[in-house]
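Here are a few notes to read alongside the model. Take them one at a time, with the structure open next to you.

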Amino acid sequence: MTEALLSVDRLRTYFFTKAGVCKAVDDASFAVDGGEVLGLVGESGSGKSMTGYSIMGLVDPPGRVVGGRILLAGRDLAALPAEEMRQLRGNRIAMIFQDPMMTLNPVLRIDTQMVETILAHEKIPRAAALDRARAALVQVGIPSPDARLKAYPHQFSGGMRQRVAIAIALLNRPDVIIADEPTTALDVTIQGQILYEMQKLTRETGAALIWITHDLSVIAGLADRVCVMYAGRIVEQGSTADVLREPRHPYTRGLLDSVPGNAPAREKLKQISGMTPSLIELPPGCAFRSRCPYATAECEETPEMRPYGAIGQSIRCFHPLSAPTP
């Protein structure tokens, strides 16, 4: 079996606070290859965004990566010095944030920001960098690229700013792109356009794409494979078709049941009972057991990820669902 382009192995990212140790990411493992889209899905606070920040080396104190490996083409990013990681960030591995204004400087023109992004990693003529910036805007569907290059971020709509942020992420032709809920604040029409463009660009460039979201409907139409996260841990992963059609973990089933449109007509949506536990005071054993209708005394032990169901599908559960729930 060939080695994956990006492989995350037993990643652990903890925050050391006065209240205690917050295990934001705890024993997360997955892999993604070139041209593939991997979805990371879960409720707020599940650890999916922090997984992305950990891969990028963007975890600020009091947090830090305390264990595991992050292998990019066999090179462990978690062990790299800060300067070497800075050279890779925005070059071989890039991130698209939920708010494009986290990427765009409001007082600089778009051409300045895009050209500087290229020149930070390559020594090429400024004119060549400008040509690449123009081509990147065209690639993400922005009309009149010459006029847009001379504009400031406040002169763009929200959807257009996000397209610019995506273009900046693509400038240096990265091997891996991490997208942290970049379409959450956009209307459905613009969201659909960006999802289509990202899927097409991934196929064309051969980059690996990790799409972080809480929206299962987005994952259904975009991702090849999906990892479901809960309380800092991946509880189920497999091909998107297998996981969404026949979820094996009760939490995944609960997420699907709570999606509008999945309930029979004139019936209330089902919901997952209880609340997500504090990551500082996680209960022993399975973190989902206080909300799970199938929990038993066995769930007081910590389950490990194990293969179950379709080929390539795995779960972290003592009581997997053997068939779809009616």
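This is a predicted model: local features need pLDDT of at least 70, side-chain atom pairs count only at pLDDT 80 or more; totals for chains, interfaces and linings use all residues.

1. How much space lies in the largest cavity? The value is about 60 Å³. Its lining is made up of six nonpolar and two charged residues, with no polar ones.

2. How do we find such spaces at all? Rolling a probe the size of a water molecule over the atoms shows where empty space is left. For this model, searching the whole structure gives three cavities of 30 Å³ or more.

3. Next comes the second largest cavity, with a volume of about 50 Å³. Around the second largest cavity you will find His 249, Pro 250, Cys 286, Phe 288, Cys 292, Tyr 294, Cys 299, Cys 317 and His 319. Here the lining holds seven nonpolar and two polar residues, and no charged ones.

4. Now move to helix 1, which covers residues 48–56. Is helix 1 mostly covered or mostly open? It is mostly covered, since eight of its nine residues are buried. Those buried residues are Lys 48, Ser 49, Met 50, Thr 51, Gly 52, Ser 54, Ile 55 and Met 56.

5. Finally, see what follows helix 1: the residue there is Gly 57, and its phi is positive, near 75°.

Definitions and conventions
Residues are numbered from 1 along each chain as its sequence is written. Side-chain values use heavy atoms; hydrogens and water are left out. On a 1 Å grid over the protein atoms alone, a cavity is a set of points where a 1.4 Å probe fits but cannot get out, and a pocket is an open set with protein on both sides within 12 Å along at least five of seven lines; lining residues have an atom within 4 Å of a point. Grid points are joined across faces, edges and corners, and a volume is the space filled by probe spheres set on the points. Ala, Val, Leu, Ile, Met, Phe, Trp, Tyr, Cys and Pro count as nonpolar, Asp, Glu, Lys and Arg as charged, and the others, Gly among them, as polar. Buried means under 20% relative accessible area, exposed over 50%, partly exposed in between (1.4 Å probe, protein chains only). Helices (H or I, at least four residues) and strands (E, at least two) are DSSP runs, numbered from the N terminus.
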